[in-house]
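Hi,

Here is the structure I promised to pass on. My notes follow below it; please have a look when you get a moment.

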Amino acid sequence: MTALTSLDVTIAGVGVLGPGLRDWAQAAAVLRTPSDWTAAATVVPAPNRLPATERRRAGVGIRAAIVVADQACTMAGIAVDAVATVFTSASGDPETCHAMCEALARPERLLSPTRFTNSVHNAPAGYWHIAAQSRQASTSLAAYDASLCAGLLEAAAQCCSGRRPVLLVACDMPYPAPLHALRPLPDVFACALLLAPPGGPAGWPLMLSTAVRGEPTRCGNAELDALRRSIPAARSLPLLEALARDEPCTLVLDGDSLPLAVRVATRP
Amino acid sequence: MKPAPVTAYTLVTALGHGLAAHAAALREGTTGLRPQGFETAALEAWLGVVDHVDEQRLPPALARYDCRNNRLAALALASDGFDEQVRRAAARHGAQRVGVLVGTSTSGILQTEIAYRQRDGHGALPAWLHYPETHDTASLARFVQAALALEGPAWVISTACSSGAKAYAAAARLIALDVIDAAVVGGCDTLCMTTLYGFRALELLSSDVCRPWDARRNGLSLGEGASFALLQRDDDAPAAWLLGCGESSDGHHMSSPHPEGAGAADAMRAALADARLQPDQVDYINLHGTGTRNNDAAEDLAVCRVFGRSVPVSSTKGHTGHALGAAGAVEAALTLLALRDGLLPHGLHCEQPDAALQANYLHQPQQRPLSVAASNSFGFGGSNACLIFGAAR
């Protein structure tokens, strides 16, 4: 076995949307003092970037993913058509899945073409690249409770091997009944990280490794930590807290079978 | 990229189980498509249904993963001694250094579809539905990882019909960056009501057999399939080489390709650049070639723009049907077989070639040594991938 190398990238932009978290500016203030966080249902705004036709067809998950992607690109000051993307989601779009399974359980089995098109796991990526008029590479992943770590590892690998900026978008949505009983995610959570090769745009230097020692890092507030454990995309919260504090630290991101060791440095 | 050794590969489709059945089918031009129903679906369609999936049993320890998709995956893992090759790689590198990066579009959704027909008076689902192990999109990666006792990074790539091809690209990156030493790549997708009735709703499912490159083509035929390959950091005598991967987006429309194939052409150019090859060094291209009006027209333009009109091309969707998230993996394996056997497969069911399509589409198989071959895969959401493989040398 060879020694594990770490992947070095810079986080040049952040986006977030979740319970009690409206955007990165508000979230950064709250996450600096996690005791300030109060639970409130996620509010997903309509993304201006989507053309009218696509906006009409886009469900909550697509809208949430595009809103956080935009936040991260704006913060990094990077053109949206210049970045490759990695979308990761454990849930996909459970509303669409439920509606299709209900329709298919009826004798006539009539599916809406738009619903079927939106049911692909890469629907948020497809909508984003249409909105961004981007022909850059894009991938969409799922790894159950390891989805956030899988996405972060894939995005960092693309950034390091291609020496180019990569936008990571993680988004999960709650399942409606009856699937909710089997996979009880409480609310929508989405976050985005714009990763750039070292020496590119300014940001937080990040070192990532699959060589992990120790238990997953917890959030600084028990309720927030419960959120972290209950939504796969919210497993990013300890990293978001570290960025909000802007202090050097070492974290273990909880990835189920794929935990990641992460070292964050302060912004230069 | 540095060429990555492909040390083992296998596949199971409607053409049969394993490499020998597929090599024979390509040589003889046989199809696995039949006018038939599937489960409770009675549509006017030609389907590529895999035999003996229902009889497949999973080991008791993996019982919760039991569904058609994971049964088909298990069949493929056991074909051509593939699982044994993976065990040897895990012993060599350590189980933590072997990843599982596999593509699927619908995973085991058929389980949930059946369960929705059996909801009780309160709407609750039957107790036999194990959602995380069967229908969840990541189920395939978790099942393959558990079945092979691997411990490296494992995830599903789900970018519709390019998923299985993009798995190769993801694995090659992680190996090159020394995150892992080897990976099981590939994909598995099985027939289900969602895709059968979904493609019918989009009016893309043909009632005829699919006819890629034919003037009368009017849609795709759905199939199912599983294919896996083992990529390793190094090997003295690999079965073939992965030379380059190209990925791009259309950024155009969710379910229609860019009319001029702009994104598709980007992916092919990126794969050539990654492999450090010129277009005229590619001896054969296995097309995405679904047999829909728009796909074949756009792909033809893209192929001719990047490669010119002389490189021999064909679609093998007329053999297997469109295996969606597994198509990129299935066609990677068929491309590897073409390289191994020096056999360029021809496209089936193309009786009246579309005069508007300019690429050098093969209507008869050709036997001659091949050095380099490419495989195209394009999916909904405008997701494009192109893989370039080199023959064993």
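A residue counts as buried if 20 or more other C-beta atoms lie within 10 Å of its own, as exposed if 12 or fewer do, and as partly exposed in between, with C-beta atoms placed from the backbone. By that rule A:Leu260 is buried, because 26 other C-beta atoms lie within 10 Å.

Some housekeeping: this is a predicted model, where local features need pLDDT of at least 70 and side-chain atom pairs count only at pLDDT 80 or more, while totals for chains, interfaces and linings use all residues. Residues are numbered from 1 along each chain as its sequence is written, and chains are lettered from A and ligands numbered from 1 in the order in which they are written.

A:Leu260 belongs to strand β8 (residues 260-264) of chain A; strands (E, at least two residues) and helices (H or I, at least four) are DSSP runs numbered from the N terminus. Leaving aside neighbours within four places in sequence, its contacts (C-beta atoms, placed from the backbone, within 7 Å) include A:Cys149, A:Leu208 and A:Val212.

Between the chains, 54 residues from chain A and 56 residues from chain B make up the contact. Chain B's elements supplying at least two residues each include α7 (163-176) and β9 (240-249). Strand β3 (residues 138-142) of chain A also pairs with β6(B), antiparallel, over two bridges (DSSP must find at least two bridges for a pair). There, A:Leu141 stands opposite B:Ile157.

Happy browsing!

Definitions and conventions. Two residues are in contact if their C-beta atoms, placed from the backbone, lie within 7 Å.
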